[in-house]
Amino acid sequence: MTGPIRRSDGNRQPPPSRRTVLRGAAAVTLATAATTAATAETAFAAGAGSSLTVVDHPGAQWLPADPANYRTARRPRGHPVDHVIIHVTQEHFDDAVAVFQDPGRRTSAHYLVRSADGHIGQCVREKDIAWHTGDPHYDNRSIGITHEGWVNSTDWFTEEMYASSAALTAAVCARHAIPLDRAHILGHHEVPGATHTDPGANWDWDHFLELARKVRADTTTVKRRPVTTGR
């Protein structure tokens, strides 16, 4: 994210309350995620995003950022979308939403993923430009996905969060023809001139990309599956 929300000191984060960390069993299975991703691609291609009350990713909750915290646009017509930027909030989910809805903060992200269960909030439409990297060039050409948690604690990066975020990332990349690789999916700290360190050394890039590629492969299978009819 482009600026500290409340507590930028990673050593002061509260304990991970409101959830049980279940590394071995994600609440969102990859099979379900693949079906969701396929549905997202179909809806996006059909123009379901024409209404401001309709999210771009099925199942996401619409939690709109204040208009002062992003720029309306007509992407990809106005700007190509060729990167996904991964962030960590350094704050609780609800407090991050409050920041995005505060017109004085001048920051936002397209999506926000909750730690406990992988729930996704969409705060800015994909066609619009969220202010999340600190670099206008990267803002113009990217989708920002931020995750509830603190960079110095692995406890926040639950399997539920990884599975949900991987499915979201796979769907975003499919919609915008973005390769699922580290050249196009960056951490905030990798944006030129960034002063932030998120998502940090505890973010498991190999696991995250493995899940995203599995969703991408399963989504292709779902889309190719023949339709059967009863007699």
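Is aspartate 117 buried, exposed or partly exposed? I looked up the value: aspartate 117 is partly exposed, at 31% relative accessibility. The cut-offs I used are under 20% relative accessible area for buried, over 50% for exposed and in between for partly exposed, with a 1.4 Å probe and protein chains only.

**Ground rules**

I am reading a predicted model, where local features need pLDDT of at least 70 and side-chain atom pairs count only at pLDDT 80 or more, while totals for chains, interfaces and linings use all residues. I number residues from 1 along each chain as its sequence is written, and side-chain values use heavy atoms, with hydrogens and water left out.

**Whole chain**

I found 5 helices and 8 strands in the protein chain. These are DSSP runs numbered from the N terminus: helices are H or I with at least four residues, strands are E with at least two. Along the sequence I read the order as α-β-β-β-α-β-β-β-α-β-α-β-α.

The protein chain has 231 residues, and 49% of them are buried. I then checked contacts (heavy atoms within 4.5 Å). Of those with a separation of 6 or more, 78% are between residues 24 or more positions apart.

**Strand β7**

Which strands pair with β7? Two strands count as paired if DSSP finds at least two bridges between them. Strand β3 (residues 83-88) pairs with β7 in the parallel sense over 6 bridges, and I noted isoleucine 86 opposite isoleucine 145 of β7. Strand β4 (residues 111-113) also runs parallel to β7, joined by 3 bridges. There I saw valine 113 opposite histidine 147 of β7.

**Salt bridges**

I searched the whole structure and got 7 salt bridges. The test is a side-chain nitrogen of Lys or Arg within 4 Å of a carboxyl oxygen of Asp or Glu.

Back at aspartate 117, I found a salt bridge to arginine 114, with the closest N and O atoms 2.8 Å apart.

Lysine 127 and aspartate 128 form a salt bridge at 2.9 Å, N to O. Lysine 127 is partly exposed at 29%, whereas aspartate 128 is buried at 3%.

I also looked at lysine 214 and aspartate 218, whose side chains meet at 2.7 Å, N to O. Both lie in helix α5 (residues 205-224), 4 residues apart, about one turn of the helix. Lysine 214 is partly exposed, at 40% relative accessible area.
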